[in-house]
Amino acid sequence: MAEPKAYLADPALGWDRLWHEVIVDITIIGVLFALLAAWFIWKYRRRPDRQQGEPPKLTPAAGVAWTVIPVFVFMADDFFLAANGWQLWNTYRDVPAERMEVQLESGMYSWDYTYANGVKTQNELRVPAGKPVVLRMTSRDTLHSHFIPDFRVKEDSMPGRVTYLWFHPKKPGEHLVTCAEYCGVMHSYMSGRIVVLPPQEFEDWYAAEAAKLQPVPAAKPAAKKTKKSA
Amino acid sequence: MNLKEWIFTTDHKRVGVLYLIGSIAAFGVAGVMAMLMRLELSQLGPTLTANPTQYNIWLYAHGAVMILGFQIPALTGFFANYCIPLMIGAKDVAFPRVNALSVWLFYVGIILAILTFFIPDPPDVMWTGYPPYSILTTGNTALYTFTVLILGFASIIGGVNFLTTVVYMRAPGLTWNKLNIFVWCTLAAFVLQLIFVPVLGTAVTLISFDKYLGTHFFDPARGGDVLTYQNLFWFYSHPAVYVIFLPFFGVVYEIVATFARNRVFNYAMVVYGGIFGIVALSGVVWVHHLYVSGMADWIRIGQMVTTLLISVPVGLMVIGLVGTLYKGAISFETPMMYALGVIFLFLIGGLTGIPLALPSLTLHLSDTYYVVGHFHYVMAVAGTFAIFGGVYYWFPKITGRMYSEFWGKAGFWLTFVGVNIVFWIMMDVGVKGMPRRYYDYAQFPQFEHAHQIMTFGAGIIGIGFAVAVINWIVGAMRGKPAGDNPWGSMSLEWTTVSPPPHGNWPTPPSVSEEWHPYGYGDGRVSSDEAILHTPDVPRVS
């Protein structure tokens, strides 16, 4: 297959795939141990003719083998999972070059987005379908975490640092954004949405909003101020 | 019974019982907080209170009191105090008065924690107390700081005491390879406390400095950094998970070995692989709590590997436990029911932690109900089951009386069913996106039904634990005399009378070369006979 696998390019697809893989992995381990324990509990219950355990005598060599072999089995599984986790991590951290950048300032209790051309929105991020979006995030007060469950991604925003996350909206539709880091009294009400529009519709809206900004450049800081107090 | 004798006691067993009473009271208070939260969440919108701050205070109190007021004091306070001197054949701890001081400090800490419900503007900072919110809030962050400092100090002086006791006061003949697994586990936990508690103390002190004295450790506008706090906090608080895990797993080992009447499987593997391995790794995995906090990529990947490797020593300890069942002669009294319950709950809890070791999967799972479900299974529920099983196990030794087996098992099954209802569903809604620490969930109306079932399950858990505590109180007052060694255990604490007198044994015991706390299967039936093999040890009557 010459074509790159889709899950390597899209974190949300990669997440679902790795989640499935890890769940299969841990279910096998868990069921094996649970069945073994349950079987021992049943088989070695105390009976009138069995009042004492009959523990196997472990030679020192067997004791070492019983340690070293499980260590290698567990480590093999750990490194297998680590490799897969790292691969998906790279997908999450490598933002595609062809992308839309949006600045996000979070605050108690709103998400304030600023587009490259100066257009600002609050609690609603409009993006075109088919183009990866990267958010450069900071916070003006407490910690917040911009969580988009549908795109399987979140990252904290905080004062004094810029963090980022990206996602790849493919089809027009709406997606919930909700705060995942305890930020204060109204934490649970701090939510917004991502509206994915058909590309042409987005361009029309984006141009129209930009046009509104053009005639009064001096109004920009003022607009920012009202948003803060809102 | 004289109250003054109890308050001014220096007897390690009475100090232990004081720890038990205080921590069970704390468990009750924190449990009521959990019930209030579950009732609040049983419907969309305001249910019990229209004030989110009220909910946040319950949540703060539930977390802080369960961890700092119940689990750590019950395990490193009650079990360590009561069992360690008896298990090593000592007449008391090395510094009995320091021991009394630590239990007094513990009560001061508990009283501070309870003050949360009586002061105006109580702390609403969660048990993690992250700045900037903990500095900006009108809630009383100082109360949080001082609660942590007092309980931490109590724990540190307890640690010094027990390390000295085990190193210097073991009975003649009781070599390091004859220590009970519980003693090893608790020693390891105290080593972790001594290393890491000061870091937590520093972290919570610095937030109060920032809030009340005008410093700027966590204020980026003046050169501080908010992430520093999270690093300091988790540098302690992840090892704190092992401070809870190690002793509770030790308790489970004691119960399983006794009721299976079997040798602990591969003792050296459990001690030198499992316990030592956990201590070695515990200080280099804290960043998995900060996977979505904006830490540098290289440290997130590095600690992904160390976090996954924790499964190696923990896996060895699980193998040791399941192996102890192999070819045993298992009976199913209440303590064993709780201990076997821990095996299954811990399997679920431990394995559901593996997705959370991967930073990539955590970008979705972090701060959701999945995390809450996971850590309740692995630490809160498994730990509490071990504590309850342990109290049942040593109940005949502590009181000299027997509890009701029927009500013991009834309480076990109620809680076992209840916790699986609550925390399994909790993980499921978490994967679907439900974030934690939410007073209301208007964005997620589809989860209302699941929340109702969880509230119902929480009610069952509450009834189950209440049945157990009432069973203890009734048993302590009216139970049948239990005898000195009702379970037929080989371990040293069962060789003295129940309840043991001040000084534990009329003459200090010593142990023979063949004796081992888990020396079952050599044709000997109980520890009394085992100890008879040493001619110079007088039999306790």
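This is a predicted model: local features need pLDDT of at least 70, side-chain atom pairs count only at pLDDT 80 or more; totals for chains, interfaces and linings use all residues.
I started with helix H9(B) and looked up which of its residues are buried, meaning that 20 or more other C-beta atoms, placed from the backbone, lie within 10 Å of a residue's own. The list is Tyr267(B), Met269(B), Val270(B), Val271(B), Gly273(B), Gly274(B), Ile275(B), Gly277(B), Ile278(B) and Ser282(B). Helices here are DSSP runs of H or I with at least four residues, strands are E runs of at least two, and both are numbered from the N terminus.

Residues count from 1 along each chain as its sequence is written, and chains are lettered from A and ligands numbered from 1 in the order in which they are written.

What covers the buried part of H9(B)? I found helix H3 (60–93) of chain A, plus H7 (181–213), H8 (226–259) and H11 (311–325) of chain B, among the cover. Contact means C-beta atoms, placed from the backbone, within 7 Å.

Next I checked the length of H9(B): its 16 residues (267–282) should span 22 Å at 1.5 Å a residue, and the end C-alpha atoms are 21 Å apart, which agrees. The expected span is 1.5 Å times one less than the number of residues. H9(B) also has a kink of about 25 degrees centred on Phe276(B), the bend being the angle between axes fitted to the seven residues ending there and the seven starting there.

Then I went to Gly383(B), which sits in helix H15 (369–399) of chain B. Buried or exposed? Gly383(B) counts as buried because it has 30 C-beta neighbours inside 10 Å. Leaving out residues up to four places away in sequence, Gly383(B) touches Gln71(B), Ile244(B) and Phe248(B).

Strands pair if DSSP finds at least two bridges between them. E6 (144–147) runs antiparallel to E7(A), joined by two bridges, and His144(A) has Ser157(A) as its bridge partner.

I also looked at strand E8(A) (163–167): four of its five residues are buried, so E8(A) is largely enclosed by the rest of the structure. Five bridges tie E8(A) to E5 (133–139), antiparallel, with Val134(A) opposite Trp166(A).

Last, confidence: chain A averages a pLDDT (the predictor's confidence in each residue, from 0 to 100) of 91.

How values were computed
A residue is buried if 20 or more other C-beta atoms lie within 10 Å of its own, exposed if 12 or fewer, and partly exposed in between; C-beta atoms are placed from the backbone. Two residues are in contact if their C-beta atoms, placed from the backbone, lie within 7 Å.
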